Amino acid sequence: SPLLHIQRLNKKATERDVRNFLGGFGFHGDKALDTVAPFSGGEKARLALAILVYQKPNLLLLDEPTNHLDIDMRHALSSALQDFSGAMIIVSHDRHLLRTITDQFLLVANGKLTPFDGDLDDYAVWIKNQAKAIDSSSSSSDTKRSNNDRKQLEAKKRQQQKPLRDALRKAEKQLDNLYAKQQALELKLAESDLYNVDQKEKLTIVIKEKQSVDNQLEQTEENWLALQDKLESIE
């Protein structure tokens, strides 16, 4: 079980501490006691990451860590990695993950690995400039025709990608706002005074507001994931 895997790493850890840790990776309640063998690929990947993080390594090497994860688990993984105190090297197509947990990008090009001074939007501009540089260096008519065809295809692809990228950025801003609202409401619900008899009406309002935010968050996450899948299919 996930609980046993972590307890083997630290025999002095209490069951409560281990359960709290596993909860951050989506293994809540009885799930922490389930046998690992029938787990899905995504669940096994989450458990493997939990085991790694628990050992507090200095460096994590992650290759497409959000593959096979649903939107809730992607968010849980992002939160766990934000709390990780060591260094990370991540290869991923998940733009939301990269935007939320990375502080430096590395460019692999022309047989070299160099720091990239910019964000994901700057990288898209760099790709475009590279394509222009290749076009300008072509001299033969056959090459020009080939480049023209390629440019038309790339232009068509960019045209298809632009509304998706714009929608993704909008969805990411909405997610950030909703996460902030959700956290604020959870803090309100944690206040003991809110459960006094004279606060019953206020408590009802806060609970309804929390339910509304949770529903909006779920819908926005589903929309973000659908947009992400569409964009990746075009690329």
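In the predicted model, a salt bridge joins the side chains of Asp-121 and Arg-99, with an N to O distance of 3.6 Å. This pair links distant parts of the chain. Asp-121 lies in helix H6 (residues 120-137), while Arg-99 lies in helix H5 (residues 95-101). The two residues are 22 residues apart. Both ends are partly exposed: Asp-121 has a relative accessibility of 31%, and Arg-99 has 32%.

Arg-99 also meets the side chain of Glu-172 in a salt bridge, at 3.1 Å from N to O. Here, too, distant parts of the chain are linked. Glu-172 sits in helix H7 (residues 141-189), 73 residues apart from Arg-99 in helix H5. Glu-172 counts as buried because its relative accessible area, 7%, falls under the 20% cut-off. These contacts belong to a wider set. Salt bridges with shared partners join Arg-99, Asp-121, Lys-162, Asp-166, Arg-169 and Glu-172 into one network.

Another salt bridge involves Lys-31 and Glu-43. Their side chains meet at 3.0 Å, N to O. Lys-31 is in the loop between helix H2 (15-23) and helix H3 (41-54), and Glu-43 is in helix H3. Twelve residues separate the pair, which links distant parts of the chain. Lys-31 is partly exposed, with 26% relative accessibility. Glu-43, by contrast, is buried, at a relative accessible area of 16%. In total, the structure holds nine salt bridges. Side chains of opposite charge can pair when their charged atoms come close.

Notes: Residues are numbered from 1 along each chain as its sequence is written. This is a predicted model: local features need pLDDT of at least 70, side-chain atom pairs count only at pLDDT 80 or more; totals for chains, interfaces and linings use all residues. Side-chain values use heavy atoms; hydrogens and water are left out. A salt bridge is a side-chain nitrogen of Lys or Arg within 4 Å of a carboxyl oxygen of Asp or Glu. Helices (H or I, at least four residues) and strands (E, at least two) are DSSP runs, numbered from the N terminus. Buried means under 20% relative accessible area, exposed over 50%, partly exposed in between (1.4 Å probe, protein chains only).
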